[in-house]
Amino acid sequence: MSENELLAKYKSVPLLTRSLMTATVVLSLAVNTNMINTSVLTLHWPSIMYRFHVHRLLTPFFVTGLGFNFLFDMLFLQSYGSQLESNTFAGRPADFAWFLLFTCLTTSVVGYFMHFAFMFQALLASVIYLWSQANTDRTVSFIFGLTFKAVYLPWVLFAYNYVLMGATIPWTMLAGIASAHLFYFLDSLYPDMGGPKLIPTPALLYRFLPSEEVAGAEFTAGGSMATNFRPGGGEAGAGRTVGGGPGVVHRWGRGCRLG
């Protein structure tokens with residue numbers, strides 16, 4: 001593949017997903033080659049609260065170990081992140097950004113009690129979890145030819161990681177799944193039950209990431225999407241759910257502890 005083809009492939013990734021991938025590659029390379037000291041990027045709440053190192057609320061999500069599993073992690077982030085951004089959140093980049101920020105901030109609070117240092121696996125798990133909720137009836141394939149509905153994918157990957165880590169619970173993954181489910185419940189399920197939308201997207205995000213008109217999407221007078229995120233995978237989600245489909249082999253990275 002030529003340099004121009006690689007660049008075109010990179011540019012074809014939606015903006016926010018591309019930004020997540022770029023930040024992860026740059027920071028992970030910098031940390032693993034000792035260009036940056038890990039201590040300035042970790043989740044360290046005393047530094048956040050007393051030294052105003054607010055960057056520590058985000059940088060832990062973009063640092064992971066290098067190696068073979070890193071490539072698969074990047075493929076997963078590119079695939080599921082792109083599908084969420086281009087389909088489930090079609091025309092609503094601010095809402096997708098809010099999902100990412102909400103899950104990162106929620107996981108950071110959990111990280112305070114669980115003493116997390118880096119949480120890339122939590123970010124990746126949250127993206128995959130929300131994708132699975134948008135594609136509940138899709139069929140995905142795992143290693144050894146195992147097939148199942150997409151709604152079970154996060155838990156299959158969780159169990160797979162549990163085995164790879166020597167029967168050690170991957171707490172960062174669990175925190176990411178829990179944060180994504182909290183967002184899904186407050187943003188979609190609870191309003192569907194008649195409750196108010198408790199976590200609306202901050203207006204500031206719409207200023208930087210305005211909604212875009214896309215085919216088949218309806219907008220309110222204020223410019224936001226008239227149809228919010230709803231689970232799909234079957235006829236009810238036609239045209240709104242994201243892809244995947246049968247025949248996709250998933251190999252979940254083990255994850256590396258740094259520092």
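Trainee: What helix content does the chain have over residues 169-186, and how far apart are the end C-alpha atoms?

Mentor: In this predicted model, residues 169-186 are 89% helix and 0% strand, with end C-alpha atoms 26 Å apart. UniProt, in an unreviewed entry, lists these residues under "transmembrane region", along with 20-45, 57-77, 97-130 and 142-163.

Trainee: How far apart are the end C-alpha atoms of residues 97-130?

Mentor: They lie 13 Å apart, in a span that is 85% helix and 0% strand.

Trainee: How many salt bridges does a search of the whole structure find?

Mentor: The general idea is that side chains of opposite charge can pair when their charged atoms come close. Here the search finds 3 salt bridges. In one of them, Arg92 pairs with Asp95, and the closest N and O atoms are 3.1 Å apart.

Trainee: Are Arg92 and Asp95 buried or exposed?

Mentor: Arg92 has a relative accessible area of 3% and is therefore buried, the cut-off being under 20%. Asp95, at 9%, also counts as buried.

Trainee: Which parts of the chain does the salt bridge between Asp137 and Lys149 tie together?

Mentor: That contact is 3.8 Å from N to O. Asp137 is in the loop between helix 6 (120-134) and strand 1 (139-142), and Lys149 belongs to strand 2 (residues 147-149), so the bridge ties together parts 12 residues apart in sequence. Asp137 is partly exposed, at 43% relative accessibility, and Lys149 is partly exposed at 41%.

Trainee: Where do Asp187 and Lys197 lie in the chain?

Mentor: These two side chains form a salt bridge of 3.2 Å, N to O. The pair links distant parts of the chain, 10 residues apart: Asp187 is in helix 8 (residues 171-192), and Lys197 is in the loop between helix 8 and helix 9 (203-208). Asp187 is buried at 7% relative accessible area, whereas Lys197 is partly exposed at 34%.

Trainee: Which residues touch the most other members of the largest nonpolar core?

Mentor: In soluble globular proteins, nonpolar side chains tend to be buried together. In the model, the largest nonpolar core has 61 residues, and Leu84, Phe99 and Leu153 touch the most other members. Elements that each supply at least two residues of this core include helix 4 (68-88), helix 5 (93-114), strand 1 and helix 7 (153-164).

Trainee: Which element gives the largest share of this core?

Mentor: Helix 6 does, with 10 residues.

Methods:
Residues numbered from 1 in each chain as written. Predicted model: local features only at pLDDT ≥ 70, side-chain atom pairs only at ≥ 80, totals over all residues. Heavy atoms only, no water. UniProt positions renumbered as here; feature names shortened; annotations may be inferred. Helix = DSSP H or I, 4+ residues; strand = E, 2+ residues; numbered from the N terminus. Salt bridge = Lys/Arg side-chain N within 4 Å of Asp/Glu carboxyl O. Buried < 20%, exposed > 50% of the residue type's maximum accessible area, 1.4 Å probe, protein only. Core = buried A, V, L, I, M, F, W, Y, C linked by side-chain atoms within 4.5 Å.
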